[in-house]
Amino acid sequence: MANKPKYIVGDYEDEILSWIAGGKTLRSYCRQAGKPSWQTVYRWLDKDEVLQRRFEHSRTLGFDAMAQQCLDIAENGNPNNLPRAKLRVWTTLQLLAKWDPRRYGDLRRLEHVNEQKQTVTIVT
């Protein structure tokens with residue numbers, strides 16, 4: 001049985017964060033030859049709060065990149081393959097709404113102010 005390669009987070013950290021910030025998925029990064037598995041990356045994230053915060057920030061940037069890609073597809077898509085372009089945009093927007101509902105979801109807000117001037121806000 002061959003030994004699994006040992007990966008050191010520092011060797012991949014900036015590369016992974018850049019990949020994620022570019023709107024690509026962690027799993028697509030990890031599927032490349034010679035890269036750590038997605039499970040390994042999540043173990044690193046569990047152990048390192050600073051890396052966790054950097055990863056979350058990269059994810060936010062990546063979500064914005066994905067939204068921009070949707071605009072690019074809509075504006076510059078191939079008119080001969082409109083159903084595929086629509087599906088790509090729709091799928092990406094649905095995922096963004098699930099992954100980051102505050103920024104990309106359909107936000108419903110209900111506010112109530114009671115007699116003591118206390119405001120209750122319910123966001124769904």
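How many nonpolar, polar and charged residues are there in the lining of the largest pocket? The legends below get to that, working from a predicted model.

**View 1. The whole chain, element by element.** Counting up the secondary structure gives six helices and two strands. Start at the N terminus and you run through α-α-α-α-α-α-β-β. The chain has 124 residues, and 24% of them count as buried. Look at contacts with a separation of 6 or more, and 43% of them come from residues 24 or more positions apart.

**View 2. Inside the largest pocket.** There's about 230 Å³ of space in here. The lining takes 13 residues, with T25, L26, R59, F63 and W99 lying nearest the centre. Back to the opening question: by class, the lining has seven nonpolar, three polar and three charged residues.

**View 3. Which helices line the pocket.** At least two lining residues come from each of α2 (26-30), α3 (38-47) and α4 (49-76). The most comes from α4, which puts in four residues.

**View 4. Where α1 meets α4.** Helix α1 (residues 9-21) packs on α4 at an angle of about 25 degrees, and their axes are 7 Å apart. Angles under 35 degrees count as roughly parallel, so α1 is roughly parallel to α4. On the α1 side, the contact is made by V9, E13, D14, I16, L17, I20 and A21. Facing them from α4 are L51, R54, F55, S58, R59, L61, G62 and A65. Sorted by class, this contact has nine nonpolar, two polar and four charged residues.

Notes: Residues are numbered from 1 along each chain as its sequence is written. This is a predicted model: local features need pLDDT of at least 70, side-chain atom pairs count only at pLDDT 80 or more; totals for chains, interfaces and linings use all residues. Side-chain values use heavy atoms; hydrogens and water are left out. On a 1 Å grid over the protein atoms alone, a cavity is a set of points where a 1.4 Å probe fits but cannot get out, and a pocket is an open set with protein on both sides within 12 Å along at least five of seven lines; lining residues have an atom within 4 Å of a point. Grid points are joined across faces, edges and corners, and a volume is the space filled by probe spheres set on the points. Ala, Val, Leu, Ile, Met, Phe, Trp, Tyr, Cys and Pro count as nonpolar, Asp, Glu, Lys and Arg as charged, and the others, Gly among them, as polar. Axes are lines fitted to C-alpha atoms, for helices over the stretch in contact, and angles run from 0 to 180 degrees between N-to-C directions. Angles under 35 degrees count as roughly parallel, over 145 as roughly antiparallel, 65 to 115 as roughly perpendicular and the rest as oblique. Contact means heavy atoms within 4.5 Å. Buried means under 20% relative accessible area, exposed over 50%, partly exposed in between (1.4 Å probe, protein chains only).
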